[in-house]
Amino acid sequence: MSLAAALEMRSGEGAEAILRRATVLDPVAGIEGVHDVVVRDGRIAELAAPGEGRADGAEEVDAEGLHAFPAFFDPHVHLRVPGQEHKEDIETGARAAAAGGYCGVIAMANTEPPVCTPADVEALREAAREAAAVPVGFLATVTKAMAGEELTEMASLRDAGALGFSDDGLPLRSARVLRRALQYQRLCGGTIALHEEDSELSGDGAMHEGPVSAALGLAGIPAVSESTMIARDAALAAYEDARIHVQHLSAAESVEAVRAAKAAGVKISCEASPHHLCLTDEEVRSLDPRRFKMNPPLRSEADRQALIEGLRDGTIDCVATDHAPHAAEEKEVPFEQAAMGVTGLETAFAALHTELVGPGTIELGLLVEKLSAGAAPFDLERPSLTPGSEANVALCDLGAEWVVGEEGYESRSQNSWCAGRTLTGRVVMTLAGGQVAYRLRSFSLGVAA
Ligand SMILES: [Zn+2]
Ligand SMILES: [Zn+2]
């Protein structure tokens, strides 16, 4: 099923366009070369020889020198609806996703109140059909009111269209509760996504526990707070023959725990965020919570290297932003008191392209593959440029330099971890769910001769 059919988005015209002479790269489909990407009625009709695609009245986009990738898919964003619309809503969050080259996102359920009932899920799906520029899917919580005690009506939530379940924002403290949830999941389907953290080990930590936290005198969150819970939950998934998806891996020990579980045949997938792949706890010396306070925290260089190795060897399945908008007043306070989380949808590709592909740490193809792989853990169709596929395309100018935040944000919030950074590589146009979802304002559509 296409993303537009499986998720919710605003109804609109199927795109009719030709991306002339685009450098097409879809590593999973094995497509690499210069083509006219012909899009008709919202689908990839043809990858024609450069200059040969027939326009038939479609909009012609001069894509010479630009890269066309399968659009990206983010399985972990916070859209803050219902209850915190001053931070983000479905329209602004989906717009931020489109600006980042995304053709789909999955919204977490830790809203105010949390998404616990079938009516909650139905209301969100209806709102996305009104307002979302890209396909959006919704999770429901695992436990009622995210209290960690009583399971939600998982089967009814699935019937109402919940893609899966997560208490993200909080860990599931009780192994008994998670075990029961995994038993129900076997009956009703739906991926269970886990924020892995031992609250007792994390305590009131504000950053990674290590030499930097010691130097700053800030309470630390040790890496084992995450990795011990992953090991516990992988063991439970194995015991129940159930599936889990581990969110926002941050520590070397966690990569090792997932690697060991995969080797043992556990049905486990996991994600890592751009900020954990690009930054370390050294940034926290600035004491800037707007950009550098999040949970899990930025960790050491050895942890960052372990995440990169996890991307390379397949232990880490996908990149997910954990886009977490916050209002200025929650961030303009001392580091210990500030809210945790940073935005990331608009900068994920550019940041990883700048920090990892630019210096040659990873290949461009691997980045593209991992940015669009987030659909798979939720059994959704992976964006593809193979003819016949729904048009989900990120058109990128790899040479464009831009300063993040200089022209504002599509997101309602400003807490980008990239704020003020100069990045190389920019999304200039996004097709999502078969529709034109985004164009960079300064990107003029030249009619190719
Ligand atoms: Zn989380
Ligand atoms: Zn999150």
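Donors are taken here as N, O and S atoms within 2.8 Å of the metal (3.2 Å for Na, K and Ca), and water is not among the atoms, so sites may look incomplete. The model is predicted, so local features need pLDDT of at least 70 and side-chain atom pairs count only at pLDDT 80 or more, while totals for chains, interfaces and linings use all residues. Residues are numbered from 1 along each chain as its sequence is written, chains are lettered from A and ligands numbered from 1 in the order in which they are written, and side-chain values use heavy atoms, leaving out hydrogens and water.

Asp168 (OD), His195 (ND1) and His248 (NE2) coordinate the zinc ion (ligand 1) at 2.0 to 2.2 Å. Along the chain, these donors have the spacing D-x26-H-x52-H. Aspartate 168 also bridges to the zinc ion (ligand 2), and the two ions lie 3.6 Å apart.

The strands around this region come next; helices (H or I, at least four residues) and strands (E, at least two) are DSSP runs, numbered from the N terminus. Eight strands form an open sheet with parallel pairing, in the order β6-β7-β8-β9-β10-β13-β14-β15; two strands pair if DSSP finds at least two bridges between them. At the edges, β6 (72-77) and β15 (318-319) each pair on one side only. Three parallel bridges join β10 and β13, and isoleucine 192 has isoleucine 244 in β13 as its bridge partner.

Finally, serine 416 sits in the loop between β16 (393-403) and β17 (422-432). Its relative accessibility is 2%, so serine 416 counts as buried (under 20% relative accessible area, with exposed over 50% and partly exposed in between; 1.4 Å probe, protein chains only).
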